[in-house]
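These are my notebook entries on a single chain. I set down what I looked up, entry by entry.

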Amino acid sequence: MRTVLVALAVALLAGAMFARHSAPTKGPYHADITRTPGVLNPDVTQQNIATTICKSGWTRTIRPPTDYTNALKLKQMREYGVGGSPAEYQEDHLISLELGGHPTDPRNLWPEPYPRAAEVDSVENELNAKVCSGAMSLSDVQLKESELKHTDG
């Protein structure tokens, strides 16, 4: 009986490892709430979203330079204990710039692995559209994004 149970467990584990999943993936790890709690940009408020996050091209005016984010990515990869090439990660804003996140505070940036980083970019764009259309408040989309990255990566 024990042999049958072990064989069944091995078969289930192998099936889970090699099964194809059609649902969106979760990241291999999520943002650490202590290291990366998320920090808001004090210059973005619900009252001024039309001239900040909802204005086309606005994020380009506040995006940090790549030499800053690349150096921070290497430091944070060590802190998070992740390996591989830095090219496998995007130094991502926990609260994205298009949702009013702080551009340079290290507590709002973390090394998010690809392909998850690219998948989450589309979610950020959808949330931006919702806040700019009035379907959701700025604080609600910021909370939703924080929850996503702290639980699913």
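I begin with a convention: the expected span of a helix is 1.5 Å times one less than its number of residues. Helices (H or I, at least four residues) and strands (E, at least two) are DSSP runs, numbered from the N terminus. The model is predicted, so I take local features only at pLDDT of at least 70 and side-chain atom pairs only at pLDDT 80 or more, while totals for chains, interfaces and linings use all residues. I number residues from 1 along each chain as its sequence is written, and side-chain values use heavy atoms, with hydrogens and water left out.

**Entry 1. Helix α5**

I looked up the span of α5 (residues 138–151). Its 14 residues reach 20 Å from the first C-alpha to the last, close to the 20 Å expected at 1.5 Å a residue. I then listed its buried residues (buried means under 20% relative accessible area, exposed over 50%, partly exposed in between, with a 1.4 Å probe and protein chains only). They are L138, V141, Q142, E145, S146, L148, K149 and H150. An α-helix has 3.6 residues a turn, so residues three or four places apart point the same way. The buried residues of α5 pack against β1, β2 and α4, where contact means heavy atoms within 4.5 Å. Just after the helix, G153 has a positive phi of about 90 degrees.

**Entry 2. E145**

What does the side chain of E145 reach? I find the backbone nitrogen of S96, at 2.9 Å. I count this under the rule for polar contacts: a pair of N or O atoms within 3.5 Å, of which, within protein, one must be able to donate a hydrogen and the other to accept it, and residues adjacent in sequence count only if both atoms are side-chain atoms. Neighbours within four places in sequence aside, E145 is in contact with H93, L94, I95, S96, L99, E124 and L127.

**Entry 3. The strands**

I next examined β1 (residues 89–93). Five of its five residues are buried, so β1 is largely enclosed by the rest of the structure. In a regular strand the side chains alternate between the two faces of the sheet. Both faces of β1 are covered, with Y89, E91 and H93 buried on one side and Q90 and D92 buried on the other. The partner of β1 is β2 (residues 109–113), joined in the antiparallel sense over five bridges; strands pair if DSSP finds at least two bridges between them. Opposite E91 I find P111 of β2.

**Entry 4. From β2 into α4**

I checked the peptide bonds and noted that Y114 and P115 are joined by a cis bond, with omega about 5 degrees. P115 belongs to the loop between β2 and α4. R116 is in α4 and, at 8% relative accessibility, counts as buried. I also recorded that R116 and Y29 lie 87 residues apart in sequence and 10.0 Å apart in space, C-alpha to C-alpha.

**Entry 5. The disulfide**

How many disulfides does the structure hold? I find one, taking a disulfide as a pair of cysteine sulfur atoms within 2.5 Å. C54 and C132 form it, with their sulfur atoms 2.0 Å apart. The link is left-handed, at -95 degrees about the S-S bond. C54 lies in the loop between α1 (2–18) and α2 (58–62) and C132 in α4 (residues 116–133), so the pair ties together parts that are 78 residues apart in sequence. By accessibility, C54 is partly exposed at 28%, and C132 is partly exposed at 31%.

**Entry 6. T52**

I stayed with the loop between α1 and α2, which also holds T52. At 6% relative accessibility, T52 counts as buried. The side chain of T52 reaches the backbone oxygen of N48 at 2.9 Å. Residues up to four places away not counted, T52 touches D43, V44 and W58.

**Entry 7. The whole chain**

I closed with totals. The chain has five helices and two strands, in the pattern α-α-α-β-β-α-α along the sequence. Of its 153 residues, 37% are buried. Among contacts between residues at least 6 apart in sequence, 72% join residues at least 24 apart. The accessible surface comes to about 9,100 Å², of which 59% belongs to carbon and sulfur atoms. Accessible areas come from the Shrake-Rupley method with a 1.4 Å probe, and for residues only the protein chains shown count as cover.
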